[in-house]
Amino acid sequence: MYQDLMRLDDDPKVRVKAILGSLDKRKSPDEMEGPLRELLENIDPFELDRAEEELIDDGVTLDDIKHICDAHSRAITEVTEAQENFLELPGHPIYTLMEEHLNILRFVEGLRASARAIREDDGDMGDNTTLSEFGPFMKESQKHFQREEDVLFPLLERHRMMRAPAALWSEHDVLRSKEKEISQLIAKRGSMRSEDFAPAFECRVAQLLSLLNAHFYKENHELFPMAIKSLDAHEWNDAKKQFDEIGCGGPVPRHGTVGFTSAEVPTSQIVEEISMPTGNLTSEELEMIMDRLPMDLTYVDKDDKVRFFTTSPDRIFGRTPAVIGRKVQDCHPQKSVHVVQQILDDFKAGKRDQAEFWIDMGGKTVYIRYLALKDKQGKYQGVLEVTQDITRPRELQGERRLLGEK
């Protein structure tokens with residue numbers, strides 16, 4: 001019977017509804033898990049997540065969604081525990097990423113236990129430490145995803161591996177969205193009835209755990225072996241340095257150097273003095289000025305490749321050296337690539353010479369401008385991205401003509 005249902009439809013929503021309709025709801029969740037795991041084997045949890053709201057609108061309950069996610073999580077965990085072969089090189093970037101996978105999963109599994117306890121105790125739970133720690137932990141864990149997006153993915157793209165990084169980056173966006181939903185639910189807990197909060201919270205956490213298990217499995221068993229096979233010793237040493245600059249994605253032990261040996265990369269010949277119409281600067285002076293500007297600059301050339309960025313300590317959007325030479329379209333999540341492409345197309349066609357945006361980010365007002373660069377003949381030569389925190393300037397009133405206290 002289950003094989004017939006597997007052939008029923010390729011649409012995850014239709015298949016899941018058929019699966020749930022075939023199950024005996026009188027059985028316990030553990031008894032239902034076997035058939036669920038067998039039938040869900042070929043459904044990607046991220047495809048299922050996209051159909052989630054439609055499923056709920058169609059009558060699928062939060063408990064049904066939770067059972068599905070729990071079944072998938074346990075199946076993936078068992079496979080991972082049976083097959084995982086950790087790279088025995090503490091300090092290697094892949095070793096560190098896999099350690100971070102474990103730490104993130106342990107934390108969310110703890111949150112899952114808290115969610116179950118809240119529901120079973122009808123909201124009367126003495127220790128809600130995990131709930132209060134969720135926001136700070138997830139904020140810190142973003143460094144894990146940043147390491148992949150800003151360092152590992154660009155290195156793989158240099159080896160013409162484009163599809164896997166793009167797909168996994170899209171999954172990062174889904175995970176961030178799910179984490180945001182949980183954070184918002186925790187924030188509203190005080191104003192919600194226990195009977196409303198408990199099932200919704202338990203379902204969302206089960207979904208997040210299922211998605212994390214599926215995503216990390218893909219990375220451990222597909223992306224990371226691909227990276228180990230493709231990148232050389234120098235690239236791994238370079239990745240290690242950039243990982244350390246970003247910082248740990250959670251409470252992961254800091255290790256020493258990777259321990260690889262490779263020839264030192266020859267540095268480009270330094271130009272001692274740069275002559276410009278308004279004066280001359282040494283390369284050291286120019287670097288000092290650029291890094292002290294109260295704004296972030298990024299230069300993208302006429303071929304859409306990132307060529308340069310400033311490294312202010314207060315930089316708003318992080319950059320790593322791995323982005324140099326990378327297509328600017330690949331430096332953005334899939335959901336915003338069309339906006340970037342529209343700006344580039346308009347600049348190249350001469351339809352506009354600048355585009356501006358402003359956003360609220362962590363209590364700051366961030367002003368972003370894209371400026372078309374043209375040579376003396378008016379020919380397009382690239383884009384300058386200028387990003388500035390304008391929170392303080394927007395607050396200024398009146399005048400201050402004398403030096404005073406801050």
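**View 1. Lining of the second largest pocket by residue class.** The lining of the second largest pocket has 7 nonpolar, 4 polar and 4 charged residues; Ala, Val, Leu, Ile, Met, Phe, Trp, Tyr, Cys and Pro count as nonpolar, Asp, Glu, Lys and Arg as charged, and the others, Gly among them, as polar. The model is predicted: local features need pLDDT of at least 70, side-chain atom pairs count only at pLDDT 80 or more, and totals for chains, interfaces and linings use all residues. Residues are numbered from 1 along each chain as its sequence is written, and side-chain values use heavy atoms, with hydrogens and water left out.

The volume of the second largest pocket is about 570 Å³. Of its 15 lining residues, the closest to the pocket centre are Glu 287, Phe 308, Phe 309, Thr 311 and Ile 324. Two or more lining residues come from each of helix H12 (283-290) and strand S4 (306-309), and H12 gives the largest share, 4 residues. Helices (H or I, at least four residues) and strands (E, at least two) are DSSP runs, numbered from the N terminus. A pocket is an open set of points on a 1 Å grid over the protein atoms alone, where a 1.4 Å probe fits, with protein on both sides within 12 Å along at least five of seven lines; lining residues have an atom within 4 Å of a point. The volume is the space filled by probe spheres set on the points, which are joined across faces, edges and corners.

**View 2. Helices H9 and H10.** The axes of H9 (residues 163-187) and H10 (residues 194-230) come within 10 Å and cross at roughly 160°. H9 is therefore roughly antiparallel to H10 (angle over 145 degrees). Axes are lines fitted to C-alpha atoms, for helices over the stretch in contact, and angles run from 0 to 180 degrees between N-to-C directions. The residues of this contact divide into 16 nonpolar, 3 polar and 7 charged.

**View 3. Helices H7 and H10.** H7 and H10 pack with their axes 9 Å apart, at an angle of about 165°, and are therefore roughly antiparallel to each other. Their contact residues comprise 21 nonpolar, 3 polar and 6 charged.

**View 4. The aromatic pair Phe 107 and Phe 137.** The structure holds 4 aromatic pairs (rings of Phe, Tyr and Trp, its six-membered ring, with centres within 6.5 Å). The ring centres of Phe 107 and Phe 137 are 4.0 Å apart and the planes lie at 5°, so this pair is stacked (planes under 30 degrees apart). Phe 107 lies in helix H7 (residues 93-120) and Phe 137 in helix H8 (residues 129-158), so the pair ties together parts that are 30 residues apart in sequence.

Technical notes. Angles under 35 degrees count as roughly parallel, over 145 as roughly antiparallel, 65 to 115 as roughly perpendicular and the rest as oblique. Rings of Phe, Tyr and Trp (its six-membered ring) pair if their centres lie within 6.5 Å; planes under 30 degrees apart count as stacked, over 60 as edge-to-face and the rest as tilted.
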